[in-house]
Amino acid sequence: YLCNITNLWDPDLAKKNESDRHSPRTRTHIMGCLQSVPLPDPVAKFFHGKPMTPELQTELEAVLSDDFEGRFVGEFVPGYAKPIVLDKSKFPGALKNLQASFPNLTFAPTKSVKQKANGSWAALTLVSGDHTGAPFAPLPHLEKIPTSQKNVKIGPEEFALFLTEDGTKINKLEITPQHEGAEVGPPGFYRKLGGELKPPPA
């Protein structure tokens, strides 16, 4: 028979199972029966909701495919973010630069992680951090903003992860801002600190 399936992230469910207490899991509703299955490993490594430590960054980098690309998509993408494409080297580099300035940088899902009709795993996600680390600029030619102690929040915006055919790697990330005027990515952090985005010198 056909079943209606909805996957809901339940970060607390693993705590009830001492043998697997650190694995985010999905709740799968099948014809009224509640079953528990783990999120795919690359998805769990992204949507853990913890501050992005160097160790967690290394784990995430390990599950990016060689052809990985990250983009900002949708009608509300600001002009400065439309050309941005983050490949397997640029995406971890951007994270490391952010984390050096925002030591508690966190990608926290605000809604359940669900598998969409297009096959991606997605959740509305709030990106936040306190500027207590190094002076920050998203690009080398921009003036670094001195440590400000400011808390910066971006989103919630939808993060959608597309996996490789075997489900072991993330090969595409699409970030969709949810409203007009939304700031996005490292340039958005910079603008929220009062920075002015400028083109590189000729």
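This is a predicted model: local features need pLDDT of at least 70, side-chain atom pairs count only at pLDDT 80 or more; totals for chains, interfaces and linings use all residues.
Of the 202 residues in the chain, 42% are buried. When contacts between residues at least 6 apart in sequence are considered, 59% of them join residues that are at least 24 apart.

Helix H2, which spans residues 54-62, has a buried side and an exposed one. Leu56, Gln57 and Leu60 are the residues of H2 that are buried, and because they cover an arc of only 105° around the axis, they fall on the same side of the helix. Glu55 and Thr58, on the other side of H2, are exposed. The buried residues of H2 pack against two helices, H1 (41-46) and H3 (90-101), and against two strands, E4 (64-72) and E10 (170-176).

On the H2 side the contact is made by Pro54, Gln57, Leu60 and Glu61, and on the H3 side by Phe91, Pro92, Leu95, Lys96 and Gln99. Five of the residues in this contact of H2 with H3 are nonpolar, two are polar and two are charged.

In soluble globular proteins, nonpolar side chains tend to be buried together. In the present model the largest nonpolar core comprises 40 residues, and those with the most contacts inside it are Phe47, Leu60, Phe91, Phe102, Leu105, Phe159 and Phe189. At least two residues of this core are supplied by each of H1, H2, E4, H3, strand E8 (121-130), strand E9 (151-163), E10 and helix H4 (185-192), and the largest share, four residues, comes from E9. Phe91, which also takes part in the contact between H2 and H3, touches Phe46, Leu60, Leu64, Phe68, Leu86 and Leu173 when residues up to four places away in sequence are not counted.

Leu161, found in strand E9, is buried with a relative accessible area of 0%. The C-alpha atoms of Leu161 and Gly119 are 8.8 Å apart, although these residues are 42 residues apart in sequence. Beyond residues up to four places away in sequence, Leu161 touches Val43, Phe46, Phe47, Ser120, Trp121, Ile170, Lys172 and Leu173. Ala123, which lies in strand E8, is likewise buried, with a relative accessible area of 3%. Between Ala123 and Phe159 the separation is 36 residues in sequence and 5.7 Å in space, C-alpha to C-alpha. Phe159 is also among the contacts of Ala123, which, with neighbours within four places in sequence left aside, comprise Phe47, Pro109, Lys111, Ser112, Val113, Glu157, Glu158 and Phe159.

Helix H4 is largely enclosed by the rest of the structure, because six of its eight residues are buried. The buried residues of H4 are Gly185, Pro186, Pro187, Gly188, Phe189 and Tyr190, and the elements that cover them include E4, H3, E8 and E9. After H4 comes Gly194, whose phi is positive, near 100°.

Some backbone features remain to be noted. Most residues other than glycine have a negative phi, and most peptide bonds are trans. Gln149, a residue other than glycine, has a positive phi near 70°; this residue is found in the loop between E8 and E9, and because its relative accessibility is 54%, above the cut-off of 50%, Gln149 counts as exposed. The peptide bond that joins Gly155 and Pro156 is cis, with an omega of about 5°, and Pro156 lies in strand E9.

How values were computed: Residues are numbered from 1 along each chain as its sequence is written. Side-chain values use heavy atoms; hydrogens and water are left out. Buried means under 20% relative accessible area, exposed over 50%, partly exposed in between (1.4 Å probe, protein chains only). The arc is that of the directions from the helix axis to the C-beta atoms. Contact means heavy atoms within 4.5 Å. Ala, Val, Leu, Ile, Met, Phe, Trp, Tyr, Cys and Pro count as nonpolar, Asp, Glu, Lys and Arg as charged, and the others, Gly among them, as polar. A nonpolar core is a set of buried Ala, Val, Leu, Ile, Met, Phe, Trp, Tyr and Cys residues joined through side-chain atoms within 4.5 Å.
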